[in-house]
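Student: I would like to go through this model step by step. Can you take my questions in turn?

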Amino acid sequence: MIEEIKSGMSHKLAGVENPVSAIMEEAVKVLYNKTIKNRIKTKGKAILPESSSRYIPASLKRAVFKRDNCCCQYIMRDGRKCGS
């Protein structure tokens with residue numbers, strides 16, 4: 001697996017003295033972002049179900065709707081928000 005990762009990350013590992021160390025550092029960042037950072041954002045509460053379901057709880061929909069002042073937050077190509 002390490003060899004496959006080395007090959008896939010060759011652009012990031014060019015000139016790196018210890019590629020395995022760099023791979024481990026990247027793996028820790030990914031794991032951190034997936035677990036700890038999400039927990040901090042949600043104050044320790046799971047917002048979405050852990051299943052692969054696309055279900056979004058009504059309470060979350062209401063909270064997002066309120067947070068965004070009932071306006072679409074899509075960013076268009078020219079950099080403006082949709083706002084509809």
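Student: In what order do the elements of the protein run from the N terminus on?

Tutor: This is a predicted model, where local features need pLDDT of at least 70, side-chain atom pairs count only at pLDDT 80 or more, and totals for chains, interfaces and linings use all residues. Residues are numbered from 1 along each chain as its sequence is written, and side-chain values use heavy atoms, leaving out hydrogens and water. Helices (DSSP H or I, at least four residues) and strands (E, at least two) are numbered from the N terminus. The protein has 5 helices and 0 strands, and the order is α-α-α-α-α.

Student: Which helix has the lowest mean pLDDT, and which the highest?

Tutor: pLDDT is the predictor's confidence in each residue, from 0 to 100. The protein averages 80, and 81% of the residues score at least 70. Helix α4 (residues 36-41) has the lowest mean, 65. The highest, 89, belongs to α5.

Student: What percentage of the residues count as buried?

Tutor: Buried means under 20% relative accessible area, exposed over 50%, and partly exposed in between (1.4 Å probe, protein chains only). Helix α5 (residues 58-67) is hardly covered, with a buried count of 0 among its 10 residues. Of the 84 residues of the protein, the buried share is 6%.

Student: Is I2 buried or partly exposed?

Tutor: I2 lies in helix α1 (residues 2-8). Its relative accessible area is 35%, so I2 is partly exposed.

Student: Which residues does I2 touch, not counting those up to four places away in sequence?

Tutor: Contact means heavy atoms within 4.5 Å. I2 and I23 are 21 residues apart along the chain, with C-alpha atoms separated by 8.2 Å. The residues that I2 touches are V20 and I23.

Student: What percentage of contacts between residues at least 6 apart in sequence join residues at least 24 apart?

Tutor: The I2 and I23 pair is 21 residues apart along the chain. For contacts joining residues at least 24 apart, the share is 0%.

Student: Which residues make the nonpolar surface patch?

Tutor: Patch residues have over 30% relative accessible area and no salt bridge; nonpolar side chains (Val, Leu, Ile, Met, Phe, Trp, Tyr) are joined within 5 Å, like charges within 9 Å. A salt bridge is a side-chain nitrogen of Lys or Arg within 4 Å of a carboxyl oxygen of Asp or Glu. α1 and α3 (19-34) each supply at least two residues. The patch covers about 490 Å² (Shrake-Rupley method, 1.4 Å probe), and its members are M1, I2, I5, V20 and M24.
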